[in-house]
Amino acid sequence: MDFFKALNRFGSILKSFIGIVLGIIDVLVVALAFQLSYSINYSYIGGFFFQDSTILYLYLVLTTFWMVILYLLKISEIPRAKRYRILFFEYLNSALIVSLLMILIYFAFKLSETSRLFLVMIPVFGFISLFLVRLLEYKVLRVYRSRGYNLVNVVIIADDNSEYFIDTLIDQKEWGYKIVAIFSDSERVREKYQENIIYLEQKNILVLNDLIEGDIVDEVLYLKTKVNSVEIRQTMRSCEELGVVFRLLYHNGMSHISSSVETMIYNYKFLTFINIPHNNFALTIKNIFDVSASLVLLLILSPILLGISIAVKLSSKGPVMFRQHRVGLRGRQFTLYKFRTMVDNAEGMLDDLKSRNEADGPAFKIKDDPRITPLGSFLRRSGLDELPQIFNILKGEMSFIGPRPPLPNEIKQYRRWQLRRLSVKPGLSCFWQVQPNRHNIKFDKWMELDLAYIDNWSLRLDMIIFFKTVMTILRRTGE
């Protein structure tokens, strides 16, 4: 069996774990550097470096500091495209900074009894080990993406001078960029790419709105040499409305725009505009919490999950789990799990009940739904029917906190401004779920609450919603 094909089955979980795993690997690699240095300089003592309390404290301080440096220099991330030479010098810079810290610690804490050669070897071995391990990680992920997994879908706005960049994206499959469409007035670009990629003339740039709405588009890249400010504002507005990343190729003399951040794709500099949460450190913490909390909860709640499964199976005909296609991040569909709370074939009965719908907008809700079983009514009131979605969280398809994942047919009825709620990972709970009498809230207000969450996101806000959700379930104020 193809290793990477098998790995892709766990791709969503892998994305959730990868930041944690890489961080742990870096910490262990620094420990290895300490051990190598210790074994060489203290071979007459033997054993492990952490047996010496002074060296152990030094390890804890330096490792923490080194990890912070890697984060600040953005080396802890694994970008899709970066030259190995740049990676080498980035790790070399981090080792030099650690060396300076080592000198300060040596004199400040008077470590004259500690071997100087030992202290010199630590940043040297640390640099070599960290760099080689990161190269291996790069290689694995590049092969993974070259097989067609973990792709970023991009739309390109191009001219004659964009040909080399487009060729590079196509040739470097290990970067994992998939070109969905190209907008250009260049005859050369049209002739070269229209057979394999959707090609649209520049005058049809407004079609970009429909393209982003109807297709899975992660980023829009503006590569034209002559910058058309009106065209850029229109494109930025389209991306902003839907939470799509917009990158403007940087040219010499171009002034930095306050709302942008500088990013690199290979050796190309871009001004990148993102109006969704993009603090990598905070998002990593959120992912760590999602993964660790879901694992712990599954272990703790396993007897309850088993008990509910048996009760559902015995109480009515049909499967224990209700599986339903939902729409997640940027329109990607996934299978959502719930305990079945309705009679078998409830979906087939929906058309006969649509005239009784009490919700506005594309949502469907009636107070006394005849499809709900007696046990299902209890599970819904208590929120226990949602517990299987912890598996969705563990798989990386959902988060504990985020806008609820909609149905595919609901998305078709969304107005344009409402589609931006798909720009973040969906969750078990958000602002709407913690509102008193939430089912009386109008659909547009619900959408506004979700967008307010996206615009004001922080770890603190997630924790507030998390605890409010717990209180809402206990007090049953959200019914």
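Among contacts in the chain between residues at least 6 apart in sequence, 69% join residues at least 24 apart; contact means heavy atoms within 4.5 Å. The model is a predicted one, where local features need pLDDT of at least 70, side-chain atom pairs count only at pLDDT 80 or more, and totals for chains, interfaces and linings use all residues. Residues are numbered from 1 along each chain as its sequence is written, and side-chain values use heavy atoms, with hydrogens and water left out.

**Whole chain**

Start with everything displayed. The C-alpha atoms fill a box of roughly 80 × 65 × 45 Å along the principal axes. Colour by secondary structure: the chain has 16 helices and 11 strands. Helices (H or I, at least four residues) and strands (E, at least two) are DSSP runs, numbered from the N terminus. Of the 479 residues in the chain, 45% are buried. Buried means under 20% relative accessible area, exposed means over 50%, and partly exposed lies in between (1.4 Å probe, protein chains only).

Select α4 (residues 84–108) and α5 (residues 116–146), whose axes come within 10 Å and cross at roughly 155°. Axes are lines fitted to C-alpha atoms, for helices over the stretch in contact, and angles run from 0 to 180 degrees between N-to-C directions. The two helices α4 and α5 are therefore roughly antiparallel; angles over 145 degrees count as roughly antiparallel, under 35 as roughly parallel, 65 to 115 as roughly perpendicular and the rest as oblique. The crossing of α4 and α5 is right-handed. A crossing is right-handed if the near helix is turned clockwise from the far one by less than a right angle, and left-handed if anticlockwise.

Show the side chains of this contact. From α4 they include Tyr84, Leu87, Phe88 and Tyr91, and from α5 they include Arg116, Leu119, Phe127 and Leu130. The contact of α4 with α5 divides into 16 nonpolar, 1 polar and 4 charged residues. Here Ala, Val, Leu, Ile, Met, Phe, Trp, Tyr, Cys and Pro count as nonpolar, Asp, Glu, Lys and Arg as charged, and the others, Gly among them, as polar.

Centre on Leu130, in helix α5. Leu130 counts as buried, at 1% relative accessibility. Not counting residues up to four places away in sequence, Leu130 touches Asp26, Val29, Val30, Trp66 and Tyr91.

The α3 side of the contact includes Phe65, Trp66 and Ile69, and the α4 side includes Tyr91, Val98 and Ile105. What is the make-up of the contact of α3 with α4, in nonpolar, polar and charged residues? It has 14 nonpolar, 1 polar and no charged.

**Helices α8 and α9**

Move to α8 (residues 207–214) and α9 (residues 229–242), with axes that come within 10 Å and cross at roughly 20°. That makes α8 roughly parallel to α9. Their crossing is right-handed. Select Leu208, Asn209, Ile212 and Glu213 on α8, then Thr235, Ser238, Cys239 and Leu242 on α9, to see the contact. These residues divide into 4 nonpolar, 3 polar and 1 charged.

**The nonpolar cores**

A nonpolar core is a set of buried Ala, Val, Leu, Ile, Met, Phe, Trp, Tyr and Cys residues joined through side-chain atoms within 4.5 Å. The largest has 49 residues, and Val155, Ile212, Val220, Phe246 and Tyr453 have the most contacts inside it. Helix α15 (residues 443–455) gives the most to this core, with 7 residues. Beyond its neighbours within four places in sequence, Ile212 is in contact with Val217, Val220, Cys239, Leu242 and Val244. Apart from this core lies another, of 35 residues, including Trp66, Ile69, Leu87 and Ile105.

**Helices α6 and α7**

Select α6 (residues 163–171), where the buried residues are Glu163, Phe165, Ile166, Asp167, Thr168 and Leu169. Among the elements covering them are β1 (152–158), β2 (177–184) and α7 (187–193).

End on Arg188, in helix α7. Is Arg188 buried or partly exposed? Arg188 is partly exposed, with a relative accessible area of 45%. Leaving out residues up to four places away in sequence, Arg188 touches Asp160 and Glu163.
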